[in-house]
Number of protein chains: 2
Amino acid sequence: MGVTIAIDCMGGDHGPVVTVPAALEFLRSHPQASAILVGREEAITPLLGNANTEFGARIRVRAASEVVAMDDPPAIAMRNKKDSSMRVAVDLVKAGEASAAVSAGNTGALMAISRFVLKTLPGIDRPAIATVLPSMKGHTYVLDLGANVDCSAEHLLQFGVMGAMLVAAIEHKDRPSVGLLNIGEEVIKGNDVVKEAGELLRNSGLNFYGNVEGNDIYEGTVDVVVCDGFVGNVALKTSEGLAQMIGAFLKQEFKRTLFTKLLAVAAMPVLKRFKKRVDHRLYNGAPLLGLRGVVLKSHGSADMLAFGNALSRAAEAASNRLIERISERMASMNEVKA
Amino acid sequence: MGVTIAIDCMGGDHGPVVTVPAALEFLRSHPQASAILVGREEAITPLLGNANTEFGARIRVRAASEVVAMDDPPAIAMRNKKDSSMRVAVDLVKAGEASAAVSAGNTGALMAISRFVLKTLPGIDRPAIATVLPSMKGHTYVLDLGANVDCSAEHLLQFGVMGAMLVAAIEHKDRPSVGLLNIGEEVIKGNDVVKEAGELLRNSGLNFYGNVEGNDIYEGTVDVVVCDGFVGNVALKTSEGLAQMIGAFLKQEFKRTLFTKLLAVAAMPVLKRFKKRVDHRLYNGAPLLGLRGVVLKSHGSADMLAFGNALSRAAEAASNRLIERISERMASMNEVKA
């Protein structure tokens, strides 16, 4: 597929000790991909081992002297740290040297820098952050996840387009179904923005399913669930909390007595298979959508497996024309309107 | 505790075959409580067995000729079905014959009827629906859950007061902690209503913790989580969907081979204990707060165990002066303001 991923090696809770080995593993499993490791050379080089021999021109290090901290305000990170590993990685996408950038750093800073450097696509007012979650039927993509707190109906429509094109690119689905997150029929009062967004989506030419509710995310009713960033963030964080609690309860019950501990050992293969199906590391790598370039945000706490998944997802998005798909779709929608 | 619960026996997916046996069981476990079974006599009486002998004056049937359907628009249910079991149950609270009403019927209709018949308490603009959820540390109460879609900061403040008083009454906590549902620090843009609500809650005299995120619901960071009805509904439904998916995955993994099936049999006591801790039936019974009377909504699909829990929760709220607590607190807040 010949993609080149610019990797912010300094971002995230663990930095190079996770991002560099994950990059090497990514190059092993993607023999046609290349990687540019961005960050402090003295932190990256010792972790490369014989990578130059193994991968040759497919790997190179790009020095960047600064690091965006997790608590840097986005505006500060953007203005005062022009040689940060995050900024340089995004600059490489802008310059056409990389097909995508991946960072486990500060979300707000990554969004601000990406937006400033790459700019939004025609017809897109605001970039959004999407995530993929497991469902009973496969995967569900949800956006926005916190970039946009107060959204108009037009914004939600644009999220629908971006989400559908993301699924088309990554999951190779022709006409992904799109649902609009709403609340039960039995509710006294609807939300005007959501009602209007429903109208827009119905007339968008997308494969619009209609309203969905929170449970539909995990039931896999649709491929893409559209909501504003506040609601999306709450849905995601609530899910994380519930999954952790369920895992902790399950562990506690299996640890209760010697007998149940023995049972747990016997049941380990089953519990491991189960765990793998809901392992959030498999779902790491949230695309920033609506930009003139592919940028993915990895979870800050990502380990090697998780960060590697973000890299693979970035390669998939870049090699399947994600940006072109979104801009073509936006253009054709605007033609219909005009 | 001497409370009398008016039970809408016709509501819910199952009607009297669930509500009547649950009522009898409730009377057995609450020897000082009484029940008024409201609905069609011909549907209720055959299910009573020797209840009149067993409970004497503690049980009686109040005939109501109509039934609110799950798909009746709230306004229609209110105007055209004045002799519905739901309406009569709420009327009994208004008349002082019952200390609380419980229904598994149509939420919108129950809210509309309760609001019309009972009216809101002084200082409360809109009633809210609260639910209790399991957490790593015990229970978390969340409101609103869908009654109020567009909320002002003042509404969120009122939800905080109602939630805190609910926990004080039901969990016997002196100064329940209250959190305001918001999204991560690392987000580009805040939500103005939530920011303003934070200010109001900080100055309310409540034990205000500050902002919380979705995961805090299940981590048990605070006793009460306040949010608007759209967000609360999405958080709840998303949780339901995720819990169902996790349960289904766990079941599938244990059913994969003969060996894993045998394991499941051996592990049954562990799995049952686990299941009991996250059993949503234990958390059934969502109080409608802010009214001049105690009304609880049971899940429509509630079985006997679940409906019984809603009845117990109603008895607890009524016998611990829920309404008085809310109105006293609202009055003292308004005094401070004046």
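## A network of salt bridges

A:Glu253, A:Arg256, B:Arg273 and B:Arg277 form a linked network of salt bridges. The model is a predicted one. Over all chains, the structure holds 30 salt bridges. Side chains of opposite charge can pair when their charged atoms come close. Three further pairs are described below, one by one.

## A bridge from chain to chain

A:Arg273 and B:Glu253 meet through their side chains in a salt bridge, 3.0 Å from N to O. A:Arg273 belongs to helix α11 (residues 258-277) of chain A, and B:Glu253 belongs to helix α10 (residues 229-254) of chain B, so the pair joins two chains.

Are the two partners buried or exposed? A:Arg273 is partly exposed, at 42% relative accessibility. B:Glu253 is buried, because its relative accessible area is 2%, and the cut-off for buried is under 20%.

## Bridges within each chain

In chain A, the side chains of A:Glu97 and A:Arg60 form a salt bridge at 3.3 Å, N to O. A:Arg60 sits in strand β3 (residues 59-63) of chain A, while A:Glu97 sits in the loop between α5 (85-94) and β4 (100-103) of chain A; the pair therefore ties together parts 37 residues apart in sequence. A:Glu97 is partly exposed, with 34% relative accessible area. A:Arg60 is partly exposed too, at 37%.

In chain B, the side chains of B:Arg62 and B:Glu97 meet in a salt bridge at 3.5 Å, N to O. B:Arg62 is in strand β3 (residues 59-63) of chain B and B:Glu97 is in the loop between α5 (85-94) and β4 (100-103) of chain B, so this pair ties together parts 35 residues apart in sequence. B:Arg62 is partly exposed at 31% relative accessibility. B:Glu97 is partly exposed, with a relative accessible area of 33%.

## Two helices of chain B

Helix α11 (residues 258-266) of chain B packs with helix α12 (residues 268-277) of chain B. The angle is about 65°, and the axes are 4 Å apart. The two helices are therefore roughly perpendicular to each other. On α11(B), the contact is made by B:Ala264, B:Val265 and B:Ala266; on α12(B), by B:Met268, B:Pro269 and B:Leu271. By class, that contact has six nonpolar residues, no polar and no charged ones.

## The residue in the loop

B:Ala267 lies in the loop between α11 and α12 of chain B. B:Ala267 is buried, with a relative accessible area of 0%. Which residues does B:Ala267 touch, not counting residues up to four places away in sequence? They are A:Phe254 and A:Leu263. B:Phe254 is 13 residues from B:Ala267 in sequence, and their C-alpha atoms are 9.9 Å apart.

Note on methods. Residues are numbered from 1 along each chain as its sequence is written. Chains are lettered from A and ligands numbered from 1 in the order in which they are written. This is a predicted model: local features need pLDDT of at least 70, side-chain atom pairs count only at pLDDT 80 or more; totals for chains, interfaces and linings use all residues. Side-chain values use heavy atoms; hydrogens and water are left out. Axes are lines fitted to C-alpha atoms, for helices over the stretch in contact, and angles run from 0 to 180 degrees between N-to-C directions. Angles under 35 degrees count as roughly parallel, over 145 as roughly antiparallel, 65 to 115 as roughly perpendicular and the rest as oblique. Contact means heavy atoms within 4.5 Å. Ala, Val, Leu, Ile, Met, Phe, Trp, Tyr, Cys and Pro count as nonpolar, Asp, Glu, Lys and Arg as charged, and the others, Gly among them, as polar. Buried means under 20% relative accessible area, exposed over 50%, partly exposed in between (1.4 Å probe, protein chains only). A salt bridge is a side-chain nitrogen of Lys or Arg within 4 Å of a carboxyl oxygen of Asp or Glu.
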